[in-house]
Amino acid sequence: MTPCALQRINPTTTLPLLRRTATAPLFPSIPPFSFLSSTSPSPHLRFSFSLSRGVAHALHKTRCLCSKLSMSQVVVRDPDVLERKKASIRDAGPGKLQVIADFDGTLTKYWCNGVRGQTSHSLLQQGNAEYDAKRQALYEYYHPLEISPTIPIEEKTKLMEEWWEKTHGLLIEGGLTYDAIKKSVADASITFRDGVVQLFEFLEEKDIPVVIFSAGLADIIEEVFRQKLHRSFKNIKIVSNRMQFDESGRLVAFKGKTIHVFNKNEHAIDMAAPIHDKFGSSDSPDVNGTFVKDRTNIVLLGDGLGDLGMSDGVSFEHRIAVGFLNSNIEKSLKDYSEAFDIVFLNDAPMWGVVDLVSELCSMKQ
Ligand SMILES: [Mg+2]
């Protein structure tokens, strides 16, 4: 199946979800936006809608500054609610803000050079075919259980712990090394969305912490930063599974608690540790989560409905949830647009989020 086939949108399905004006646009000098799929040339995929004045201003500014965004699509379920949240967060100031982000399919592209991008877990090749096959067999057994609509969450949580622990056991038993991780990342189809570096730079400059939550492997995420960005950011911490290597660079254990899909949230903030410049470096995690203490306003970035749970454990005052809906758009748009304040479609770049945080950190007017 091609990316285009996955990204087709039926306008009659999507339009009722969007707030529309029955007559002329509220802000006549700015026409209703028409966003066109970035991958399909078909004119049948074009649709347009009108936005409230505030959101129209914001998006117009984004479009002017970042023409790249106009190649994507964005859905805002309730522009008035979004504007109110933005005003409250802006009034509280950058000192109250934190950004929470999922990694795979959120910071990274869903499509990478025309093929499905790999995840930080799936890209790993142990250099041992027998163990790669064993981990794949676990995936085939447990993944259907993970997504089953009939298994209660408590039961699923136990199953996920079982799956992650068996997988980690195989990585140790199969003799995973630093070098295998470096080679896996070098060979992988994985890349950050356009605009991610600019987002991180902006947030670093404003001293706004970013917590990346992942049920994958922190050591691989760090290696992706090293190989793809060639740098780290002092304001970013990762909450994910961390490996411990011996002097020869061979995996011997995992540190701390196991982070899986159902517990990757701020209850696990004691696992947060910075991105390390060198493989094998390790700092003590910030066990008290002081870097996010009193940061009660949140911008949450995710590509799955479950990612909304990343803010569990924070008594937040205001949260703007931004979703990246990368596939099955026609089927999932209704759920995404109800769950997230803003939904970017078609594997969109990060420019819209860059503009959002710039606006949240702008001076009060
Ligand atoms: Mg994801």
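**Exercise 1. Work out whether Val99 is buried or exposed, and find its contacts.**

Step 1: count neighbours. Val99 has 26 other C-beta atoms within 10 Å, so it is buried. The cut-offs: a residue is buried if 20 or more other C-beta atoms lie within 10 Å of its own, exposed if 12 or fewer, and partly exposed in between, with C-beta atoms placed from the backbone.

Before going on, note that this is a predicted model, where local features need pLDDT of at least 70, side-chain atom pairs count only at pLDDT 80 or more, and totals for chains, interfaces and linings use all residues. Residues are numbered from 1 along each chain as its sequence is written.

Step 2: Val99 sits in strand β4 (residues 97-102). Helices (H or I, at least four residues) and strands (E, at least two) are DSSP runs, numbered from the N terminus.

Step 3: list its partners. Setting aside neighbours within four places in sequence, Val99 is in contact with Leu203, Ile208, Val210, Val299 and Leu301. Contact here means that the C-beta atoms of two residues, placed from the backbone, lie within 7 Å.

Step 4: look further along the chain. Val357 is 258 residues away from Val99 in sequence, yet their C-alpha atoms are separated by 9.3 Å.

**Exercise 2. Describe how α8 and α11 pack, and say which residues meet.**

Step 1: get the geometry. Helix α8 (residues 196-205) and helix α11 (residues 351-360) have axes 9 Å apart and pack at an angle of about 15°. That makes the pair roughly parallel. Axes are lines fitted to C-alpha atoms, for helices over the stretch in contact, and angles run from 0 to 180 degrees between N-to-C directions. Angles under 35 degrees count as roughly parallel, over 145 as roughly antiparallel, 65 to 115 as roughly perpendicular and the rest as oblique.

Step 2: get the hand. α8 and α11 cross in a left-handed way; that is, the near helix is turned anticlockwise from the far one by less than a right angle, whereas clockwise would be right-handed.

Step 3: find the interface. From α8 come Gln198, Leu199, Phe202 and Leu203, which meet Val353, Val354, Val357 and Ser358 of α11.

Step 4: check burial. Eight of the 10 residues of α11 are buried, so this helix is largely enclosed by the rest of the structure. Val353, Val354 and Val357 are among the buried ones.

**Exercise 3. Which residues have the most contacts inside the largest nonpolar core?**

Step 1: define it. A nonpolar core is a set of buried Ala, Val, Leu, Ile, Met, Phe, Trp, Tyr and Cys residues joined through C-beta atoms within 7 Å.

Step 2: read off the answer. The largest such core has 77 residues, and Ile221, Val239, Val299, Val322 and Val343 have the most contacts inside it. At least three of its residues come from each of domain 2 (91-112 + 192-360) and domain 3 (115-186), with bounds from an automatic or database domain assignment.

Step 3: zoom in on one of them. Beyond its neighbours within four places in sequence, Val322 contacts Val299, Leu300, Leu301, Phe340, Asp341, Ile342 and Val353.
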